[in-house]
Structures are given as structure tokens and as C-alpha cells.
Amino acid sequence: MTSSPGATVPWIRIREASAHLGADVEVRGWLAHRRSSGKVQFLVVRDGSGTMQCVAGRNDVSPEAWQALETLTQESSLIVRGRLRADARSPGGVEMGLQSVEIVAIAEGYPITPKEHGTDFLMDHRHLWLRSPRQQAILTIRAEIVQAFRDFMHGEGFLLVDAPIFTPNACEGTTTLFETQYFDERAYLTQSGQLYAEAAAMAFGRVYCFGPAFRAEKSKTRRHLIEFWMMEPEWAFATLEDVIGLEERLLVYVVGRVLERNAEALKTVERDVTKLARVRAPFARIHYNDAVARLHAAGQAFEWGGDFGGTDETILAEQFETPVFVTHYPAAVKAFYMEPDPADPRLSLSCDCLAPEGYGEIIGGGQRMASLDLLTRRIDEHGLPQEAFEWYKDLRRYGSVPHAGFGIGVERTLAWIAGLDHVRETIPFPRMLYRLRP
Ligand code: 4AD
Ligand code: MG
């Protein structure tokens, strides 16, 4: 049982193994673990698409080949060939009867072992931790959510128009800006592509951008990342009501799609899927004033006019089984571009979507300010430099229309859908207050 040069069996992925029962195939991957009964060796091989048990009997192979198998350490890379057969004891229900093994590289003592490791240790080894089944399940769901965002927006007739990452504009306030040198000028890493999406909406009517956003957040919470990904639709001639409807359809679609396509991954992360199955339209909508009343009724000391903290959001969201829309926040706690509420100019035509089960805000958005005069005043009030926003004000000079949009964060959406305690596992290489490496 050595390498068989010239072997022409097909290279398959473990995910597809059940379609090849009875056939001789090749799998290329890494050794997850190995055990031996003295008479039989069991290799559990993973190839990124799944894991499979491969079995070799002592009498099937030469003594040298048997010894070669004994040298295989965890995470050694290898190419295995053999015949597939159904076996309930193998992780995917398919087992390989080994015919040959090619050792590609013997791994050194692997730092991540089946024993429990602390979070810091695992985060320091994030580049290796990605190989574990739980992390693979999470990132598989992430990829599905991202693809679902794109498919949904495309299906709704929104064109993908991406925004730049270097920008002279502060979109979401000046306190979380990452400043960087841009030749002789100062630039920031984008906090949001929204302002550019607004320009694109005036060109194409319905657009979305999708990319990383950067916030120098000094908060060390389970919901905050320094670098995260956001999908931001922008819709010309639309109102607050229109985008709330769009958000609702998007979330129902995304949750339904993950339930349908990621059942295995949801099981790996031990998600209670009955809670996700309850995510059906219509979602509850509550006015800011109503939200404040609900907080008071729950015994929370909250002053009208303020923004909700994590605990406030959790108290509100716990009252509903579906995500809940909180609308009409005070203008003072929102960004400069929010359209005032005609019914009460202290408030804004804004909306946050709070996820159930204590996950807090996953979407922020609203209707954009249409008046050039008011916009100019707000830019001053927020201490922003007019000249950096002249191009943005042009959108109000040349055919201004009511328009609205929102931003949905991939990581918070994933944390909720996968039922994770912390956003650090939702992105391949998290950037957090005290973590820049690996
Ligand atoms: O509420 P935010 O700050 O809204 C905006 O940036 C708007 N310009 C979006 C728009 O209307 N086009 O952020 C939107 C979403 C949040 O609801 C959250 O999901 C995510 O982006 N988000 C973060 N995710 C992880 N870590 C952070 N530090 C985040 N900040 C915002
Ligand atoms: Mg927000």
C-alpha cells in the first residue's frame, strides 16, 4: 500500500462522496485524527468540504506501508485512494477502504489538540483554528449569507456599485475615524459606503454597495469589530416605509436560505433552529416613543432623547420572536444625513432593526435628507468640513429626490443566525480593540 503512480481514479471532494459509493476515488486533505486497534488503522481525513473515515487492515498492506501510516501526525497532509462504501460510523455516512496513501507532508506537533483551549490561545492561532469543524461551519454560513445578500438584491433589481475605501468624508461621525496619509493629504478608511451609494442611486435608481467598513471603536463588546463587512442598499424615490419593507424581505430570505442550505453547519454550531423558523413577516415595528415607554415599563432608567445601549436593545428585542424595527430615533443621536420627521422635527425618519435573542442592532438606515439648506446646516452642527461634502451636496443641487437606504452588518447578522456568543468568530481574521494579529 504505497503511492500508485499513474492512478487514474477521480479526485473527489468528501461532500460528494455519497454519489460515488462503490467506486474507487481519490481524496486530498489533512489528517484530523488517527487511531489504531493494532489490526486496523482508522484515519479521519478532512478536505475542507467534509470529513471521512478511511480504514486499512493490517493484512491489506505491507509492513512498510503500515509503519508509514503510524508516522502520520494530526494535520499531516495526504492523498488517499480507495473504494467508498456506506458506513454509518463514518462522519458523512461514507467510509473509504484504503488502497493507497501518499504522504504529502508530515505535520509538526499541532498546537490545537482535541483538549479545551482558552479563547486567547485560539485567537492567537486563528490561522490554524480555521481548520476546526465549528469554525468551518460558521464561515460556511457566512459565505451563504453573503451570497444570499447579493442574490436577493440582484433579484430586487438593485445594481452592485461599490464604494471606495479611502475617503475624505466622515459618514458616521468623527469619533471612530481611522486616519491615514494619502500622499500629501489626510484620508480616512471608510466607515460606510452610503454617501457614494447615494450618488450611485441618483445614476441607477436602485443600487447597493458591499464592502469592509472601519471604525475605531473603543468599545470592547461582543458586538463590535474594528473592521466589519456591510451591505448597503440605496433607493431613489423611496421612503422610510419602503426600505423597512425591503429589510423585512431580505431577512426572511436570508434566514430561510440558511435554514434550507446550511442544516449541517447549523447542527455543528448547535443552533436552535426552531427560533430561526419563527422569523416570518410581518416583523413588529415600534416607534422610538413606544420603545422608551417599554423600557420604563421594564424598570429601565432611560431618559427620552438618548440612544439605546446594548441592554436596552436586548430588553426591547426580547419582547418579540422576530426581529423588530425601531423607528423615528431622535435626530440628535443619529448621523447628519437623516431626514427629520415631519410629525416631530426632534425625531428623524430613521430605523434600526434589532435581532431577537439579545443580538441587538443588525441594521441601521432610514430616509436621507432632501433639503440642501438643512443639509448644509447639519454638516456645520456636526462639526464636519463643508468642502469635503460639496460633491455630496451636489446630489441635492441636481435633481434631488427623496431616497432611503440602510446598512446591514454581515458579522452581527451571522452571530444571530448561527447563535454565537461573540462576533470574533464571525469573520476569518477579526480586528478588535486589542487584536491586530494574525
Ligand atoms: O448603524 P450603522 O453605523 O449605519 C451606517 O453605517 C449607515 N451609513 C448604513 C446605511 O444606512 N447605509 O451601521 C450599520 C450596521 C449595524 O447595524 C451593524 O450591523 C453593523 O453595520 N456595524 C457593526 N458591526 C460590527 N462591528 C461594528 N463596530 C459595527 N458598526 C456597525
Ligand atoms: Mg447604527
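**Notebook: helix packing and domains**

I started with helix H11 (residues 372–381) and helix H12 (residues 390–397), which pack at an angle of about 160° with their axes 9 Å apart. I am working on a predicted model. Angles over 145 degrees count as roughly antiparallel, and H11 and H12 are therefore roughly antiparallel to each other. I noted the hand of the H11 and H12 crossing as right-handed.

Next I listed the contact. From H11 I found Leu372, Leu375, Thr376 and Ile379, and they meet Tyr392, Lys393, Arg396 and Arg397 in H12. I sorted the residues of this H11 and H12 contact by class: four are nonpolar, one is polar and three are charged.

**Lys393**

I then looked up one charged residue of that contact, Lys393. Lys393 sits in helix H12. Is Lys393 buried or exposed? Its relative accessible area is 4%. The cut-off for buried is under 20%, so Lys393 counts as buried. I checked what Lys393 touches, leaving out residues up to four places away in sequence. The partners are Leu372, Leu375, Thr376, Ile379 and Gln386.

**H4 and H6**

I moved to a second pair, helix H4 (residues 133–155) and helix H6 (residues 240–261). The packing angle is about 135°, and the axes lie 9 Å apart. H4 and H6 are therefore oblique to each other. I logged this crossing as right-handed too.

Which residues of H4 and H6 meet? On H4 I recorded Ile141, Glu144, Ile145, Gln147, Ala148, Phe149, Asp151, Phe152 and Met153. On H6 I recorded Leu246, Arg249, Leu250, Tyr253, Val254, Arg257, Val258 and Arg261. By class, I got 11 nonpolar, one polar and five charged residues for the contact of H4 with H6.

**H10**

I asked how many of the eight residues of helix H10 (residues 310–317) are buried. Six are, and H10 is mostly covered. The buried ones are Asp312, Glu313, Thr314, Ile315, Leu316 and Ala317.

**Domains**

Last, I looked up the domain assignment of the chain. The assignment gives domain 1 (14–105) and domain 2 (124–425). I took the centres over C-alpha atoms, and 46 Å separate those of domain 1 and domain 2.

Conventions:
Residues numbered from 1 in each chain as written. Chains lettered and ligands numbered in written order. Predicted model: local features only at pLDDT ≥ 70, side-chain atom pairs only at ≥ 80, totals over all residues. Heavy atoms only, no water. Axes fitted to C-alpha atoms, helices over the stretch in contact; angles between N-to-C directions. Helix = DSSP H or I, 4+ residues; strand = E, 2+ residues; numbered from the N terminus. Parallel < 35°, antiparallel > 145°, perpendicular 65-115°, else oblique. Left-handed = near helix turned anticlockwise from the far one by under 90°. Contact = heavy atoms within 4.5 Å. Domains from an automatic or database assignment. Buried < 20%, exposed > 50% of the residue type's maximum accessible area, 1.4 Å probe, protein only.
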